Each structure stands twice: as structure tokens, then as C-alpha cells.
Amino acid sequence: MIVYGSSFSPFVRKTLAFAAEKGVQVELKPVGLGSRDPEFRAASPFGKIPGFRDGDFAISDSTAIVTYLEAKFPNPALLPAEPADRARAIWYEEFADTILIACMGKMFFNRFVMPRFMGKEGDLAAADQAEREELPPLLDYLEGVLPASGYLVGDRLTLADLAVASPFVNLEHVGFFVDAASHPKLAAYLKAMHARPSFAPWIAQEKAFAAA
Ligand SMILES: N[C@@H](CCC(=O)N[C@@H](CS)C(=O)NCC(=O)O)C(=O)O
């Protein structure tokens, strides 16, 4: 199975971590933003990463891909069967993919992608504003909902945790770390999630690239 993209994308990283938690081997084929590579475009017609291929089956969108992996490899279950828990897991994924990544994206794109990949200065004022005004309520929300178990839904690892933890890696790449004094549960949660074997090698590889 092939995942097209770069683990610097929070959507790609979520997909890779999901596959790893399932014990499913996937090959990451590097694809840059806007690539017109025909093999990639067959999986992702609008050029967004991740794209995915399993034999003759190709599709894009991290949610579609993890839905496929969940159906094909049901164990360990990363989407709860219980109705309320399943809905909560989908909510947290949606929260991460839209609200959290919209904010994170302004910080990561302007401070990292623009200067490192596009050779231009980013809109640092927009990044600073997102950090100052948009991010704090999101951190407060997560601090408030995190259960003592250290997992967002059903007291065990689910898609919710992988989706929420992923964009925080991007924030760390641009020097934002959740403060353990103001958000102790969230800081400990992210530390534990990012140390999992499903995340840690990707994060190490990204950090090495970012430092080069
Ligand atoms: N909903 C999609 C979002 C994918 C997405 O927007 N990926 C970004 C990279 S983080 C992308 O490919 N951007 C390039 C573009 O929009 O052309 C998913 O979950 O996979």
C-alpha cells in the first residue's frame, strides 16, 4: 500500500500513524504540494495530500483513507463501535482537521512552508495573530475535555487521539510547545502521543530535515 505525500502534512502524518497503530505496512511516496505526477493524481485528482493506493484501489483524503484501513484491518479497532463514542471520535477528528489545523496552518505555513519550501517570507503577522488569538481557546478546550485516562474517547487509543496529536507536531516545528504550567493535561497527553512508535520515527525524521 502506498501513501503519497509528506509527513510534514498533519493529514499525511495522521494517516501514517493510523496505519502504524494497525500494524499495517505502507510505503510513503514523497509528493510535494501541487505535484502533477500522474500516479499521484490518479489517487488525488485535486492534488491534495495524502493520496493512497492499494492495488487497483486509489483514493485521497485522510478520513477516506483511514476509513478504508479500518474496514480492511478491523483489529485493533481505532474507531469505536459504541454509537456515542464513535460520534465523539469523529467529532475530535473533525475538530482537528478543520478548526485546529486552520489555526495551526497559519503558523506553520507562514513560519515554515513559505521560507523553507517556497523561498519567500511568510505573513508573520498572520501567524502571530493566530497564535495569540485563535490558539488559546483551542488549547483550553482540549485541556478541559481530556480524561484522566489520557485518551480522548473510551479510555483507549482511537482515531481521535491520532488526529488531534498530529497538528501539534507542526506547531512544535515552529517553536510552539504547549505550556505544562497552564495546560498540564494537554502537555502530558501530547508528550505521550508523540512518543508512540506510530508517531516518533516520523517526528524524528521531520526534525532532522528541519534542522538541516
Ligand atoms: N481533507 C483533506 C485535506 C488535505 C489537505 O488539504 N492537504 C494539504 C496539505 S496539509 C494539501 O494537499 N494542500 C495542497 C492544496 O490544497 O492544493 C484530508 O483530510 O486529507
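The structure holds 13 aromatic pairs, a pair being two rings of Phe, Tyr or Trp (its six-membered ring) whose centres lie within 6.5 Å. The model is a predicted one, in which local features need pLDDT of at least 70 and side-chain atom pairs count only at pLDDT 80 or more, while totals for chains, interfaces and linings use all residues. Residues are numbered from 1 along each chain as its sequence is written, and side-chain values use heavy atoms, with hydrogens and water left out.

**Aromatic pairs**

- A pair of aromatic rings is described by the distance of the centres and the angle of the planes.
- Tyr4 and Phe40 form a tilted pair, with 6.1 Å from centre to centre and 50° between the planes; planes under 30 degrees apart count as stacked, over 60 as edge-to-face and the rest as tilted.
- This pair links distant parts of the chain, since Tyr4 lies in strand β1 (residues 2-5) and Phe40, 36 residues apart from it, in helix α2 (residues 38-43). Helices (H or I, at least four residues) and strands (E, at least two) are DSSP runs, numbered from the N terminus.

**The ligand and its surroundings**

- A polar side-chain atom of Asp61 is 3.0 Å from a nitrogen atom of the ligand.
- Taken alone the ligand exposes 510 Å², of which the protein buries 69% (accessible areas by the Shrake-Rupley method with a 1.4 Å probe).

**Backbone geometry**

- Most residues other than glycine have a negative phi, and most peptide bonds are trans.
- Ile49 and Pro50 are joined by a cis peptide bond with omega of about 10°, and Pro50 is placed in the loop between α2 and β3 (51-54).
- From Asn75 to Pro76 the peptide bond is cis, with omega near -5°; Pro76 belongs to the loop between α3 (62-72) and α4 (83-117).
- Asp61, a residue other than glycine, has a positive phi near 90° and is found in the loop between β4 (57-60) and α3.

Notes
Polar contact = N/O pair within 3.5 Å; in protein donor to acceptor, adjacent residues only side chain to side chain.
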